[in-house]
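Here is a report on the structure shown below.

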Amino acid sequence: MPADFNWAIGGEAGDGIDSTGKIFAQALSRAGRHVFTSKDFASRIRGGYTAYKVRTSVDQVQSVVDRLDVLIALTPRTIDENLDELHEGSVIVYDGERTTMQGVEIPEGMVGLDVPLQSIAEEKGGAIMRNVVALGAACAVADFPIEHLDSSLEKRFGGKGQAIVDNNKEAARAGRDYVHENYDHEFDYDLETTDNDYVLLNGDEAIGMGALAAGCRFYAGYPITPATDVMEYLTGRIEQYGGHVVQAEDELAAINLALGGARAGARAMTATSGPGIDLMTETFGLIATSETPLVIVDVMRSGPSTGMPTKQEQGDLNQMVYGGHGEIPRFTLAPTTVAECFHKTVEAFNLAEKYQTPVYLASDLAMAVTEQTFAPEEFDMDAVEIDRGKVVDDDTIGEWQNEKEQFKPHALTDDGVSPRSFPGTSGGAHMSTGLEHDELGRRTEDTDMRVEQVDKRNRKVETAQEREPWAYREFGDTDSGNLVISWGSNEGAMVEAIDFLEEEGIDVHFISVPYIFPRPDLSEVIEDADDVIVVECNNTGQFADILEHDALTRVKRVNKYNGVRFKADELAEDIKETLSQEITA
Amino acid sequence: MSSDVRFTDFKSDKQPTWCPGCGDFGTMNGMMKALANTGNDPDNTFVVAGIGCSGKIGTYMHSYAMHGVHGRALPVGAGVKMANPDLEVMVAGGDGDGYSIGAGHFVHAVRRNVDMTYVVMDNRIYGLTKGQASPTSREDFETSTTPEGPKQPPVNPMALALAAGATFIAQSFSSDAMRHAEIVQEAIEHDGFGFVNVFSPCVTFNDVDTYDYFRDNLVDLAEDDDYDRHDYNEAKDRILDASKEYQGVIYQNENSVPYEEQHGLTENMSEIPDGAPEDAMDLVREFY
């Protein structure tokens with residue numbers, strides 16, 4: 001019997017699949033078992049096929065697998081959709097009295113449990129509880145004490161009154177009893193419980209919680225799958241800390257509202273997915289040029305265009321690293337687990353303010369829809385540090401004023417970081433603009449000042465590269481010549497894949513990278529490996545391209561960016577000089 | 001906030017590059033006077049400007065300011081005000097910025113009713129790109145890109161605002177300096193979104209909607225003792241009356257409750273603790 005148990009409930013959208021799955025996942029978590037959930041869903045409110053899958057083990061689970069042990073099938077299609085994952089001995093719970101399920105064929109070698117879910121539910125108080133009856137039946141199969149469902153049922157139905165809670169508890173027990181009474185099959189499962197306390201949350205919730213921990217007070221967004229959960233999490237919670245969530249008319253407005261909040265001095269954030277990132281890219285250059293700290297979350301989904309809105313892809317990396325006209329200094333972070341969504345969000349706010357630069361936080365659908373268990377200590381609020389960077393107040397502003405007492409928000413400093421004065425600070429009034437500007441923030445087309453401001457903005461990234469750790473995580477055999485690199489949410493699957501590979505006698509050294517730009521220098525470790533494989537959820541290998549680019553050292557560069565085109569005689573001189581230089585980039 | 005602020009305190013030391021005679025000079029002066037008259041000073045004032053000739057205004061004024069992306073000034077202004085309701089927020093832009101590329105934001109800013117002022121310098125032309133039709137250009141107005149006129153009716157910004165649920169709609173003329181400043185001042189004093197469409201003639205590219213045209217055709221509602229700005233239907237009739245150009249406060253909803261008040265926003269959100277909030281572990285426990 002494998003250490004993990006894989007369970008799913010599937011039916012049509014509108015059947016209550018999600019809430020039923022969540023009740024089971026929560027019950028397992030409260031029973032001290034680790035849980036990793038996933039969803040199959042479509043972009044529709046009713047109909048179609050949707051499923052909620054739960055993988056559980058006493059040890060931590062970090063990925064989905066292609067194996068399903070128990071399936072509650074509310075529709076025949078649910079069985080068809082999961083044929084590849086079902087195996088000999090898999091148990092399928094269904095209601096043979098339901099019109100659509102009459103005469104349904106249970107694939108050979110699998111165990112069909114025909115349980116009159118609806119009739120039992122009606123007997124216990126209402127047909128609406130049929131999924132809970134099914135949960136009870138699944139508990140009987142898995143030998144999971146039904147009492148563990150109780151607190152999760154209370155959490156789900158508590159608001160509707162004790163009678164409803166009690167009915168549901170009874171419905172679950174009736175489902176369990178029906179299986180015990182009507183089937184004498186020996187099921188090979190035993191869901192052991194522990195005394196451990198776990199919390200169960202998804203990536204979007206972890207990002208929202210990270211934002212609150214980091215002092216985010218202003219969120220502007222426009223609903224989009226799979227980022228909406230960030231906004232819904234913050235709504236109702238951020239207000240307790242004096243903050244606000246505003247639903248904008250579109251993503252163009254969302255990012256500009258957030259920009260306004262940030263200019264007023266609030267830690268501000270917006271979250272969206274690919275189509276929203278396209279629109280927000282319009283304002284991205286302004287945020288960077290005006291040196292405004294802002295956190296932009298991209299919960300990626302399958303593109304391009306509307307693509308497959310409810311499916312996984314890590315296709316926006318190039319957009320986040322290169323998107324926008326002109327050259328835009330930026331940071332791009334990619335948390336590698338649900339828990340890291342929390343930590344990297346906190347870090348994103350600090351980076352944004354320390355370097356007065358927009359920060360992309362790249363999450364994805366796989367993380368957004370995965371509910372995963374963690375020890376609560378994983379989210380240690382006492383360890384959260386807030387660094388607001390170079391903020392001046394009424395007392396210190398004088399150091400950053402010119403002889404006419406004008407504040408210099410874009411002062412040319414050694415580290416590239418300029419002072420920041422929040423509106424309301426005396427003597428700090430200044431212009432922020434998307435135009436190239438001087439130290440005071442006033443427009444300029446002066447060629448020297450242009451170059452100085454471009455260099456200064458880029459210097460912030462160089463400073464950050466030197467000062468920040470840009471740490472990555474390593475797994476497997478670090479001495480192995482087989483190097484696997486991935487970014488973002490693939491970490492869990494790869495960590496478990498190492499075990500599968502080990503069984504076949506294959507060692508790998510796995511590096512999981514949470515920083516896309518800037519990023520750790522991996523050129524040496526790549527050079528030293530025998531084989532290098534970059535794993536990512538996209539077609540072209542966008543991160544692989546970047547790593548190959550990093551390793552390329554043949555090219556010397558001649559650049560000009562003061563607003564004037566190349567002139568022939570000057571260019572000849574540049575070429576001559578560059579030929580004699582060592583390669584730097 | 002100091003009481004001895006003069007309107008020139010809102011002037012920067014940057015000289016405007018507007019054409020001599022441009023209506024935007026008068027529009028800006030009126031804005032600065034209105035800000036000073038309402039007891040504001042540059043350090044508690046945030047001006048957001050759009051793109052175009054009008055968008056340059058933030059550079060010529062002295063205050064906290066943002067010169068943003070074309071058409072997106074209104075959401076920036078709303079974000080500033082929500083994050084720090086103590087600030088005086090004024091958004092300025094042109095007819096292209098507000099009624100064309102930013103028309104969507106205009107409608108929603110009106111609905112949202114954030115307590116700020118929106119001054120649109122309406123010259124019925126695209127000036128900075130050297131004379132193309134704008135959304136308020138006349139149907140037969142010949143330009144380089146519309147040689148026989150746009151052949152579509154101009155946007156009626158006040159009708160758009162009224163339909164979107166505006167609580168304050170006004171119109172002024174940049175050349176009538178005193179009235180313009182008074183009207184902007186009323187917009188600032190209004191509890192909610194104070195919208196002022198300012199006729200701000202382009203002397204270089206618009207030879208139809210000129211100073212003379214507005215001088216000859218403008219009807220000042222302040223001179224009509226019977227006019228009741230709180231009467232929605234009366235306002236609607238004036239706004240839809242294409243035969244006249246009105247100056248003054250055309251509509252004001254006495255019961256306006258600004259967005260910030262509706263949502264209980266009173267705090268300056270720039271102030272946060274040095275670490276996670278004290279009770280932050282409660283957020284974690286919610287996930288048990």
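## A helix across strands

Helices (H or I, at least four residues) and strands (E, at least two) are DSSP runs, numbered from the N terminus.

## Basis of the model

This is a predicted model, in which local features need pLDDT of at least 70 and side-chain atom pairs count only at pLDDT 80 or more, while totals for chains, interfaces and linings use all residues. Residues are numbered from 1 along each chain as its sequence is written, chains are lettered from A and ligands numbered from 1 in the order in which they are written, and side-chain values use heavy atoms, with hydrogens and water left out.

Two strands pair if DSSP finds at least two bridges between them.

Strand 17 of chain A pairs with strand 2 (residues 64-67) of chain B in the parallel sense, over three bridges. There, M431(A) has A65(B) as its bridge partner. Within chain B, strand 4 (residues 117-122) and strand 6 (residues 194-199) run parallel and are joined by six bridges. Y118(B) has its bridge partner, F195(B), in strand 6 of chain B.

## The interface of chains A and B

The size of an interface is often given as the accessible area lost when the parts come together. Chain A and chain B bury about 5000 Å² between them, 63% of it on carbon and sulfur atoms. Buried area is the accessible area (1.4 Å probe) that two parts lose on being put together, summed over both. Chain A gives 69 residues to the contact and chain B gives 51 residues.

Five salt bridges link chain A and chain B. A salt bridge is a side-chain nitrogen of Lys or Arg within 4 Å of a carboxyl oxygen of Asp or Glu. One of them joins D13(B) to K404(A), with the closest N and O atoms 2.7 Å apart. On the side of chain A that touches chain B, helix 9 of chain A supplies the largest share, eight residues.

## A sheet within chain A

A four-strand open sheet in chain A has the order 18-20-19-22 and mixed pairing. Strand 18 (473-476) and strand 22 (531-535) of chain A stand at the edges, each with a single partner strand, so one side of each has no neighbour in the sheet. Strand 19 (residues 482-487) and strand 20 (residues 509-513) of chain A pair in the parallel sense over five bridges. I485(A) stands opposite I511(A) in strand 20 of chain A.

## Local features

The whole structure has 47 salt bridges over all chains. R55(A) and D4(A) form a salt bridge, with the closest N and O atoms 2.8 Å apart. This pair links distant parts of the chain, 51 residues apart. R55(A) is in strand 3 (residues 47-57) of chain A, and D4(A) is in the segment before strand 1 (5-13) of chain A.

The peptide bond from T225(A) to P226(A) is cis, with omega near 0°. P226(A) lies in the loop between strand 8 and helix 8 (228-234) of chain A. F517(A) and P518(A) are also joined by a cis peptide bond, with omega about -15°. S305(A) is not a glycine, yet has a positive phi of about 50°.

Conventions. Contact means heavy atoms within 4.5 Å.
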